[in-house]
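I opened this entry to record what I looked up, step by step.

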Amino acid sequence: MKILGISAYYHDSAAALIDDGVLVAAAQEERFSRVKHDARFPASAIGACLERAGVTSVDRVVYYERPLLKFERLVETWLATAPYGFRHFAAAMPVWSRERVFLRRTLQRELAALGLACELSFCSHHHSHAASAFYPSPFERAVVLTIDGVGEWETATLGVGQGTELTLDRSLRFPHSLGLLYSAFTQYCGFRVNNGEYKLMGLAAHGEPVFAELIRDHLVDLKADGSFRLCLDHFGFLTGKAMVSPSFCELFGGPAREPESEITQRHCDLAASIQQVTELVVARMAAEGVRRYGCRDLCLAGGVALNAVANGKLVAQGVVDRLWVQPAAGDAGGALGAALTVSRSRISMGGGDWGPRQSTEVDLEGVVQALLAGEVVGLFQGAMEFGPRALGFRSILADPRDPEMQERVNRAVKKREGFRPFAPAVLEEHAAQWFELSGTSPHMTTVGRVLKPLPAVTHVDGTARVQTVSERDNPVFYALLTRWHAASGCPVLLNTSFNVRGQPIVATPEHAEACFRSTGIDVLAIHGRVLRL
Amino acid sequence: MIIRFFMLFRRLLSLSVLLVVYLGVVAPVGLVLGLVRADPLQRHFEPERTSYWEDREPDVDLGPSAHPEWWTFGLARDKLWLLPVVAVLLSVGMMVAVTEGSVWLAFLYPLF
């Protein structure tokens, strides 16, 4: 049976295809439409999945959310915030009445346009997240924790998976949301909600958590088991205004930072403070799961699970023994989860390369020579990654030992804020000598301490978001790293996504070449050749 | 110039219709409900509680054939009283949505 999972209409729309219980393809719409976090119906992504699987029809389509339940939340919110919520009402009502409430019809129309006429069903947002975390995990039995902004009514759920059974039996309800709390600080620090959360996490290492007490005393009532409520007086999201209210600004001593303006120590301290509170909440929630279900293995998903720093601490602090994080932990992964709620099959995410296939030929010697000469290399090989990270299929690579390299890559290509670190990719069997990690991290979902000097990929707090590369998951990248190791004595490469700031990761050879020509990348390795300008 | 005027006119019309519905339906119903029932958003701390976790309704796979339409949905979730409010909101919302898609239909507005 072929099951197509879809996420769309909120952010990061995506499609995933499962055939007879096996994952065969998954892709995000933004890579094709070139609109970052594209939320439109994922027609191109569905097309790419069908093409990769070599099929033209599916037996069932599953949408990752229950739209009516979500609309009920909106109506209840309007009623509860009356008469102050007109702004929110006026923004949401026309869109919802036009297409969202009758989503079944909208989806059927869109699917019919792709020649897909089949049964359509809906599953709950957090169940999609939970399924995307548990079914691909290596655990027979595991605690499952999902945390995000909000899905229908829920903002976090806790449950347990065993074999092919998955039950979520505890939840926290809107508007009490860790994801929205983190996003509120993201916006307050001058970054874009649903996009700048990574930046806030990167900024956190530069500050001291001096506001953490203030957050715990005034913004949240946090219980010992990780459950909490927000003090809504300090937030504006219920009525459609800014994420934070004037009283929030008063509490933290000033107005929100203007985007692109100077970042001061205060912003770093704010980031460090919310990061510390987030880590505390996640750790307490995980500990509650361990206590409740008597199991020390944990699966995580939902947008908050993309906080690799918090993830790293769960194992480092001994809250859980083993951790598995869905690499597409955000809403894109909901498409995969939706399909899995119906197939209920244990799958493998492999190297995360589930998009359209391209040539896997790489001139390894040419790439290694370029890297040895201190050049920045764009690598394009194999199938495109699913999820927000480049894992060696659409990557920009450089020598991580060169102290100048972070600035060079930033200036040449990424043009992003200097405080954000680049990530290392390391041969799996050498990972333990270079990084303090518990287990492997094939999808770059956790953070570990750097043990040897690697200035270009080490964050100010001495950590890095590590990708461990195995021959099984990514043979070409593995071969490249092996050859680089032989030539340089270092089994680590700087690995950052192949894109320009503000754009999605490249999908096709044409995108790669255009990105190569418009930036300062020295070398493009593609189709077995090494290109220079 | 004329098109721009129509766009602005249309936007103002939809906003005023939405405002009328908001003040005429949402606000009074919301204010009355606020007096007679517990806050569905639970916007207060409860220091005496040891946990805010709630038991979760199990995920029932409605299956591809079950249409979770409004009636069944309201019945299953004990929210039938919400349906009249939703019906009013949706009909007006749809009208606004339709007119936002067409300049000429905007002239329908003065009719009611």
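**Cores, helices, sheet**

I started with the largest nonpolar core, which has 71 residues. Phe185(A) and Leu314(A) have the most contacts inside it. I note that this is a predicted model. Helix α11 (residues 265–293) of chain A gives the most to this core, with 12 residues.

I listed the contacts of Leu314(A), leaving aside neighbours within four places in sequence. They include Val282(A), Ala283(A), Ala286(A) and Leu298(A). Leu323(A) is also one of them.

Next I turned to Phe185(A), which sits in α7(A). Together with Tyr182(A), Ser183(A) and Thr186(A), this residue is part of the α7(A) side that meets Glu197(A), Leu200(A) and Met201(A) in α8(A). By class, I read four nonpolar, two polar and one charged residues in that contact.

At what angle do the axes of α7 and α8 of chain A cross? I read roughly 80°, and the axes come within 9 Å. The two helices, α7(A) and α8(A), are therefore roughly perpendicular to each other.

Last, the sheet. I followed nine strands in an open sheet with mixed pairing, in the order β16-β17-β18-β15-β19-β14-β13-β20-β21 (chain A). The edge strands are β16 (435–436) and β21 (529–532) of chain A. Inside the sheet I checked β13 (residues 377–380) and β20 (residues 523–526) of chain A, which run parallel and are joined by four bridges. Leu379(A) has Ala525(A) as its bridge partner in β20(A). Helix α12 (residues 308–316) of chain A packs on the sheet, touching β17 (446–450) and β18 (463–469) of chain A. I noted about 70° between the directions of this helix and β17(A).

How values were computed
Residues numbered from 1 in each chain as written. Chains lettered and ligands numbered in written order. Predicted model: local features only at pLDDT ≥ 70, side-chain atom pairs only at ≥ 80, totals over all residues. Heavy atoms only, no water. Axes fitted to C-alpha atoms, helices over the stretch in contact; angles between N-to-C directions. Parallel < 35°, antiparallel > 145°, perpendicular 65-115°, else oblique. Contact = heavy atoms within 4.5 Å. Nonpolar A, V, L, I, M, F, W, Y, C, P; charged D, E, K, R; others polar. Core = buried A, V, L, I, M, F, W, Y, C linked by side-chain atoms within 4.5 Å. Buried < 20%, exposed > 50% of the residue type's maximum accessible area, 1.4 Å probe, protein only. Pairing = 2+ DSSP bridges.
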